[in-house]
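Please read the following report beside the sequence and the model.

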Amino acid sequence: MRKILAALLGLVLIALVAGYWYERPLLLTGTGYAAHNACAVTKVAGRTNPAVDLPPNPLVPYLRESSSGDELTGSILGALAKQRAWFTPDFGCTLAQDAPDFGNGSQVSDLANPFVRASVPPPSAAIAAALAQAFGDEMPAADKATLGTRAVVVVQNGKLVAERYADGFTATTPQLGWSMAKSVTNLLVGMLAADGNIAVTDDHLRPEWKGKKADITVDQLMRMTSGLEWDETYALGTPVTQMLYREPDMASYAAGLPLKHDPGTYLRYSSGSTNILCSVLGDRTNVGADLPRRVLFAKLGLVSATWEPDASGTPVCSSYLWATPRDWATIGQFALQDGAWHSEQLLPVGWMAQSTKVKKVATSEEPGYAAGWWTNKDQNGAAVEPTLPADTFWMQGHDGQRVFVVPSAKLVVVRLGFSPEVEAADLRTVPLVAALIAALPPAS
């Protein structure tokens with residue numbers, strides 16, 4: 001009997017070990033998310049409650065985080081599938097086995113930023129009502145928490161006219177923009193294009209790309225029409241989570257995927273495309289992790305901004321830009337002004353008009369998506385959001401991040417939050433912008 005029990009126990013142990021190694025790739029995705037989240041929330045945002053930023057997932061009850069200095073480790077039950085995130089001043093948190101060395105970041109002053117020390121006038125009753133609706137003040141407490149609005153900032157005519165923050169958040173709390181970083185990547189490209197470092201028509205972007213892959217252009221990477229295979233589903237084991245939480249060189253991983261469609265014919269939303277693009281920017285400038293600080297942050301005075309790189313030193317341009325709500329508003333104002341900033345023209349004239357114009361393709365999975373920006377006209381000219389002015393465009397990020405720009409109203413509206421269980425139509429962002437346009441005086 002003892003021999004039989006020992007044999008059965010041995011089989012059980014073998015099955016458990018085999019099951020762990022079979023599921024380990026998925027588990028590493030979860031622990032990578034946990035490690036990066038814990039590192040960034042505590043070290044970049046300066047908060048003490050990273051667990052509240054973990055989205056609903058079957059792994060969450062089993063995730064554990066531990067820290068030692070600038071190293072934060074995520075694991076399953078403190079022992080399995082460990083992933084490490086390292087904090088580096090100026091560059092935030094990076095998943096890597098060993099501590100990365102990105103050098104020193106360029107100095108950034110806030111002198112060029114009009115909103116850092118701006119005072120905010122008392123809101124009118126109509127503006128206060130619009131903000132209350134955006135925060136769900138009339139909702140039951142549980143529903144309001146699910147809505148998850150953490151910040152709203154309103155700028156009109158280049159002046160800060162209203163802002164509001166959830167408990168635990170202030171004007172100086174950096175928040176993650178997720179895919180809003182793609183819109184900011186468009187601005188990086190534009191600034192480098194103005195300096196002659198790159199052109200949207202450039203192709204042959206990576207030395208290993210041959211055949212039709214070599215035909216992929218900068219513009220197609222911004223517009224998600226590269227044709228590369230991709231799945232943007234945020235679930236364990238998909239390409240986007242594999243890239244973000246398991247790959248030390250995210251751009252190389254995405255660039256190595258097969259071509260599924262001819263370049264320029266099929267629009268499929270892809271964080272991989274944006275990370276490939278930022279690797280190209282790094283190659284053209286010979287600047288790695290410091291590129292956003294040197295080119296963009298220093299010019300606009302974005303002192304709070306942190307754009308986290310992967311282990312190869314390439315900024316994760318698809319996803320990992322942190323900034324205070326006011327600094328997100330600064331970026332929106334820069335786009336509204338077509339790159340004109342303190343008597344300098346930092347973008348090619350007309351850059352935003354081209355970047356927010358949808359190009360026709362044979363098949364599009366995302367109506368209204370242009371060159372890193374979402375627009376209020378699809379490729380057939382139909383309104384995407386009929387209640388907003390036709391010239392509206394916006395940044396859009398995971399979990400409910402938005403920055404709306406309305407040129408005809410000279411308006412920028414920032415909404416940040418944590419809303420993983422809220423559909424886009426229920427975020428209250430479009431009604432917020434419409435209500436503000438009605439409540440504010442005409443643009444001057």
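## Terms and basis

A residue is called buried when its relative accessible area is under 20%, exposed when over 50% and partly exposed in between (1.4 Å probe, protein chains only). Helices (H or I, at least four residues) and strands (E, at least two) are DSSP runs, numbered from the N terminus.

This is a predicted model, in which local features need pLDDT of at least 70 and side-chain atom pairs count only at pLDDT 80 or more, while totals for chains, interfaces and linings use all residues. Residues are numbered from 1 along each chain as its sequence is written, and side-chain values use heavy atoms, with hydrogens and water left out.

## Helix α9

Helix α9 (residues 291-300) is largely enclosed by the rest of the structure, because seven of its 10 residues are buried. These are L291, P292, R293, V295, L296, F297 and L300. Their cover, counted by contact (heavy atoms within 4.5 Å), includes α4 (180-194), α8 (271-285), β9 (306-307), β10 (321-323), α10 (325-336) and β11 (340-341). Just after α9, G301 takes a positive phi of about 75°.

## Nonpolar core

A nonpolar core is a set of buried Ala, Val, Leu, Ile, Met, Phe, Trp, Tyr and Cys residues joined through side-chain atoms within 4.5 Å. The largest has 126 residues, of which V154, L296, W328 and F334 touch the most other members. To this core α1 gives the most, with 10 residues. Leaving aside residues up to four places away in sequence, L296 touches V184, L188, M191, L291, L302 and F334.
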